Amino acid sequence: MMSREWKEQLGRNILFFDGAMGTMIQAAGIAVPAIPEELNIDHPKVIQEIHQKFIQAGADFITTNTFGANRLKLENTRYSLPKIIAAAVDNAHVAAEKEGRSVQVVYDIGPIGMMMKPIGSLDFDTAYEIFKEQVLCLDPERVDAVLIETMTDISEMRAAILAVKENSSFPVFATMSFTEDERTLTGTDPETMVRILEGLNVDLLGVNCSLGPVEMAEIVKRILAVSNTPVIVQANAGLPMRIEGETRFSLDEAAYAAAVELFFESGVAVIGGCCGTTPAYIQKLVEKRDCYQPSQKAKGQSGSFVCSSTKSVNLDDGAIVIGERINPSGNKRLKEAFLQGDFQFATKVAFEQIHHGAQVLDINTSLPQIDEEQVMIQLVDTFSGLLDTPLQFDSVKATVLEAALRRYAGIAIVNSISGKQSSMDRLFPLIKKYGAYAVCLCLDEKGIPHTAKERIVIAEKMIANAKKHGIPEERLLIDTLVLTASAQQAEVMETLEAIRTLKAKYRVKTTLGVSNVSYGLPYRPLINRVFFTLALGAGLDTAIINPGAEGIVDIIHAFHVLNNQDPGAVSFIAYNDRKQRPESQADPISSKQDNSLIAKLLEGDERQVEKLILENLKRKAPLAVVDEELIPALDAIGMQYEQQEIFLPQLIRAAETVKGAFELVKSKLAQDHEEFEPKGTIALATVKGDIHDIGKNLVKIMLESYGYRVVDLGKDVDVDVILAAIRKHQIQLVGLSALMTTTVAGMEEIIQSIRLEFHGVKIMVGGAVLTDDYAKQIGADFYCRDARASVFVADQVLK
Amino acid sequence: MRIEEVMRYLGYQNNQVDQQTMQRVREIIQSVEETIVPRWDFQSFEVRKWSKDRVELVDLPFPLEGESIAEHLQSSLRIYLMAVTLGVESERMLLRTQAISMTDSLILDSCLSAYVEDAADQCESEIRKLIAESEELTFRFSPGYGDLPLTVHQELIRNLKWDRILGITTTNSMMMVPSKSVIAVIGVEEMNEKKNKTMRPCGNQSCEACELQDSCNWKK
């Protein structure tokens with residue numbers, strides 16, 4: 001096959017990749033170094049011969065020996081990255097020349113070996129840079145394609161794909177590894193993988209490693225069913241078996257070829273091998289080439305799917321609720337949290353909406369006082385891998401939208417693009433590049449038109465413009481714009497009329513910000529419900545709405561029955577059953593029936609605590625309630641803890657429960673136009689290198705329960721971040737935690753840096769390996785043996 | 001997993017546990033056991049060369065360094081390297097729970113610690129089935145114990161492909177992610193050679209090599 005002819009061959013003939021480089025190296029009879037990429041330079045002949053054997057076996061594509069050729073894995077080698085990469089590419093070419101056959105030289109990229117945020121510490125941008133470094137080493141004349149393989153994290157896969165696409169014009173082949181439960185190790189299912197990879201427009205996609213062809217069969221079937229991109233499969237030689245300390249695989253060449261036949265028949269375009277597959281395996285496959293007319297793969301399934309890294313949501317599946325609550329403009333607590341750089345509250349709001357039935361979450365970070373892009377990035381990082389629910393990014397700033405799309409390991413919706421030429425020119429290319437969906441507002445340079453007809457004209461202009469950018473109309477969610485019934489009553493029905501017309505003529509989706517309609521009217525929820533129902537009837541696909549608002553989810557379930565979308569009303573009946581069941585209240589009868597504040601705090605009985613505090617607030621000034629009720633109760637609970645009458649879970653439960661009581665005090669103060677003054681501000685951080693932060697989080701809860709404000713800097717925190725926080729918040733007390741001996745050393749450096757720059761700042765430390773003596777040795781002012789001890793320190797320092 | 005183990009991680013020592021906590025622990029144990037599938041892998045290696053501060057293994061391109069690991073393996077001609085993990089889902093559960101309730105996340109953390117130890121026990125008993133009747137296993141010795149450096153985590157993960165097989169990775173500071181993972185070295189000894197050392201209830205033979213020191217709940 002001549003160079004670059006493979007694209008034409010694709011789909012006409014089954015094409016073949018090589019097999020396992022690692023297996024062949026181990027069998028080569030040389031000492032395998034810890035970094036196998038060194039062999040490219042130290043033993044080029046060995047690598048060349050391996051390539052030659054695969055070429056002899058009939059492989060059309062050979063893969064360079066560069067699986068681990070990244071900055072991190074090559075840290076301890078004597079050779080530079082460019083040198084190793086150049087040698088690896090050379091070896092492939094030397095082999096091809098020796099064999100006198102033109103094959104495709106494919107540069108191989110494997111995982112970095114670190115976990116991405118928020119679970120690990122690898123940042124998206126760092127991952128991108130590590131891949132980019134490799135791509136920049138490649139000579140476009142000597143490499144025919146790049147294979148990104150054995151990925152288990154779709155987020156890391158995306159970083160690699162973008163690094164290749166933005167820094168070269170190589171075709172990109174992307175394969176991921178799955179486990180027997182048909183997900184990757186980080187939880188991505190085959191369909192979601194296909195959608196996300198197709199969103200980035202890869203040239204081949206598929207599955208490799210981890211499993212043999214038999215175990216892989218179902219995964220391959222699922223991929224083929226939805227993919228519109230040619231599919232590549234590289235299975236292991238069966239399952240690994242450890243025999244006398246050696247790894248062997250369960251299938252021999254013949255058994256492997258027999259098992260792989262299934263893929264020939266079902267429409268896989270490119271087949272190769274992974275662990276355990278030698279040239280003999282590949283040869284057996286190639287022999288079968290002529291027995292098969294590559295069956296024309298059926299077209300992938302249709303549907304309009306938005307995705308998180310672990311779940312796809314079909315926008316065609318009835319009315320979809322897009323939760324609108326992560327928006328600081330309508331939520332004071334959230335605004336405060338964003339200002340403080342705290343993203344836990346947003347996570348809480350996210351979970352509440354999901355609990356109520358949101359299938360997609362809108363994220364809006366518009367606040368003039370914050371760096372919107374940074375907050376958006378932090379939220380995307382926080383939510384990635386944490387929420388199953390796909391996201392919709394909501395901003396008027398294109399830079400914010402782009403930052404979010406770039407990092408998001410999924411298929412998102414962009415909210416929004418308008419019919420203004422400038423908006424379309426700026427945003428449609430991003431929609432195309434990242435494979436996203438777009439909310440398209442029916443307004444343009446002249447504003448919002450009055451009639452349905454005029455709005456449709458704008459919608460049609462946007463559909464045509466999107467098409468020019470290669471975006472199919474199914475990816476557009478047209479917002480025909482909700483006007484308030486109080487001001488523009490005559491136009492309310494125009495919105496719905498536009499939906500009806502669009503749905504009849506196009507395959508676009510529709511969306512509305514429903515609750516705008518009732519603005520300025522009394523009894524808004526009723527107006528919202530009726531309008532929402534009418535909109536569903538008109539053909540509305542998605543609604544940006546508060547799923548917790550009364551009746552909204554009710555309406556959807558009922559509508560699905562009436563609209564024949566819930567066969568046998570099965571979902572509706574199940575929903576009704578759930579609703580009828582009372583919330584299971586963990587309310588065991590306490591033997592003593594102790595109704596004191598202390599008892600209720602220990603039980604975590606928020607409602608009773610609230611009741612007790614409200615009663616107290618009638619009799620006492622808010623601050624007196626804090627000083628005379630809450631703090632003494634917490635002290636008493638603390639004493640019980642000291643005396644081992646109660647244990648950590650109860651102590652923390654009480655501290656968490658007291659937070660609700662503080663909210664009541666705060667709102668009472670707010671009524672009197674006063675503000676709750678925290679007793680002082682404390683910065684907490686788990687130091688650089690340490691990712692265990694449960695201890696720090698317990699300290700935070702305890703301090704907050706006593707009325708301190710905590711600036712939580714998180715885990716794995718750089719010293720610069722700590723210094724900046726001390727400066728910004730004029731911190732007098734810093735708490736540092738570290739769990740491991742290795743990270744305590746880092747703690748000492750941080751303490752020194754703080755001492756150098758700030759006088760009088762006190763430092764308390766804690767963590768499993770620390771002791772009082774050890775704390776003194778590293779220069780801390782206080783050692784906290786547990787979370788409660790931090791309260792004593794704070795009381796002492798910030799009195 | 002045993003509820004007593006979880007309680008021990010939570011700091012209870014034969015004390016009466018309040019009803020709320022007990023109930024939550026039960027619920028969380030159930031959801032952990034329903035959601036999380038522990039995965040493990042192990043591989044045996046022959047000892048090529050033993051000296052008092054390093055052990056070299058056949059087919060492993062780096063030695064296990066340190067006096068404590070050498071002491072641990074002084075009577076072993078063959079060893080097992082094992083890795084156990086609760087996977088990324090355990091980390092997700094922790095992150096999610098932290099956002100909602102710290103009390104639950106404290107309990108969950110303890111449940112997961114007990115669960116991964118459980119899984120390590122199961123892995124060890126699979127290994128036990130493979131040794132001769134005349135042989136016995138040493139306790140599980142992990143990087144970070146004594147002077148066996150944490151960097152061994154990364155070397156083992158890469159060489160035994162535990163990143164691919166189990167999804168275990170390390171951070172720059174050599175901590176494992178997912179954090180609820182265990183990597184350990186187990187020696188195989190002839191039964192009669194086995195020293196009559198007193199075992200600590202945790203499985204370690206002494207507290208000296210252990211990092212936990214005063215924060216150990218077994219010692220309390």
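**Entry 1: two helices in chain B**

I began with H2(B) and H5(B), which are oblique to each other (angles under 35 degrees count as roughly parallel, over 145 as roughly antiparallel, 65 to 115 as roughly perpendicular and the rest as oblique). I looked up the spans: H2 covers residues 19-35 of chain B, and H5 covers residues 102-130 of chain B. Helices are DSSP runs of H or I with at least four residues, strands are runs of E with at least two, and both are numbered from the N terminus.

This is a predicted model: local features need pLDDT of at least 70, side-chain atom pairs count only at pLDDT 80 or more, and totals for chains, interfaces and linings use all residues. Residues are numbered from 1 along each chain as its sequence is written, while chains are lettered from A and ligands numbered from 1 in the order in which they are written.

How do the axes of H2(B) and H5(B) cross? They come within 10 Å and cross at roughly 55 degrees. Axes are lines fitted to C-alpha atoms, for helices over the stretch in contact, and angles run from 0 to 180 degrees between N-to-C directions. I noted a right-handed crossing for this pair (left-handed if the near helix is turned anticlockwise from the far one by less than a right angle, right-handed if clockwise).

Next I listed the contact residues. H2(B) brings B:Arg24, B:Val25, B:Ile28, B:Ile29 and B:Val32. H5(B) answers with B:Asp104, B:Ile107, B:Leu108, B:Cys111, B:Leu112 and B:Tyr115. Contact means that C-beta atoms, placed from the backbone, lie within 7 Å. I sorted the residues of this contact by class and got 9 nonpolar, no polar and 2 charged. Ala, Val, Leu, Ile, Met, Phe, Trp, Tyr, Cys and Pro count as nonpolar, Asp, Glu, Lys and Arg as charged, and the others, Gly among them, as polar.

**Entry 2: helix pairs in chain A**

I turned to H15 (residues 398-407) and H16 (residues 421-434) of chain A. Their axes are 11 Å apart, and the angle is about 0 degrees. That makes H15(A) roughly parallel to H16(A). On the H15(A) side I found A:Ala398, A:Leu401, A:Glu402 and A:Leu405. On the H16(A) side are A:Arg426, A:Leu427, A:Leu430 and A:Tyr434. This contact has 6 nonpolar, no polar and 2 charged residues.

Then came H23 (residues 606-619) and H24 of chain A, whose axes come within 8 Å and cross at roughly 125 degrees. That makes H23(A) oblique to H24(A). The crossing is right-handed. From H23(A), A:Ile613, A:Asn616 and A:Leu617 take part; from H24(A), A:Pro622, A:Val625 and A:Glu629. By class I got 4 nonpolar, 1 polar and 1 charged.

**Entry 3: domains of chain A**

I checked the division of chain A: domain 1 (6-287), domain 2 (305-550), domain 3 (597-671) and domain 4 (681-797). These bounds come from an automatic or database domain assignment. How far apart are the centres of domain 3 and domain 4 of chain A? Over C-alpha atoms, 26 Å separate them. Domain 3 gives 12 residues to the contact, and domain 4 gives 8. On the domain 3 side, H24 (622-642) and H25 (648-671) each supply at least two residues. The largest share, 7 residues, comes from H25(A). I counted 9 nonpolar, 1 polar and 2 charged residues on that side.

**Entry 4: chain A against chain B**

The contact takes 54 residues from chain A and 52 from chain B. On the chain A side, H13 (344-356), H25, H26 (694-705) and H28 (741-757) each supply at least two residues. Which helix gives the largest share of that side? H25(A) does, with 6 residues. The chain A side has 25 nonpolar, 23 polar and 6 charged residues.

Most residues other than glycine have a negative phi, and most peptide bonds are trans. I looked for exceptions. The bond from A:Lys117 to A:Pro118 is cis, with omega near 5 degrees. A:Pro118 sits in the loop between strand E3 (104-109) and helix H6 (124-136) of chain A. The bond from B:Val177 to B:Pro178 is also cis, with omega near 0 degrees. B:Pro178 is in the loop between strands E7 (176-177) and E8 (181-190) of chain B. A:Ala569 is not a glycine, yet its phi is positive, about 55 degrees. I placed A:Ala569 in the loop between helices H20 (552-562) and H21 (570-580) of chain A.

**Entry 5: confidence**

Last, I looked up pLDDT, the predictor's confidence in each residue, from 0 to 100. Chain A has a mean of 92, and 97% of its residues reach 70 or more. Over residues 584-592 of chain A the pLDDT is below 50. Beyond near neighbours in sequence, that stretch has 6 contacts in the model.

Terms used
Two residues are in contact if their C-beta atoms, placed from the backbone, lie within 7 Å.
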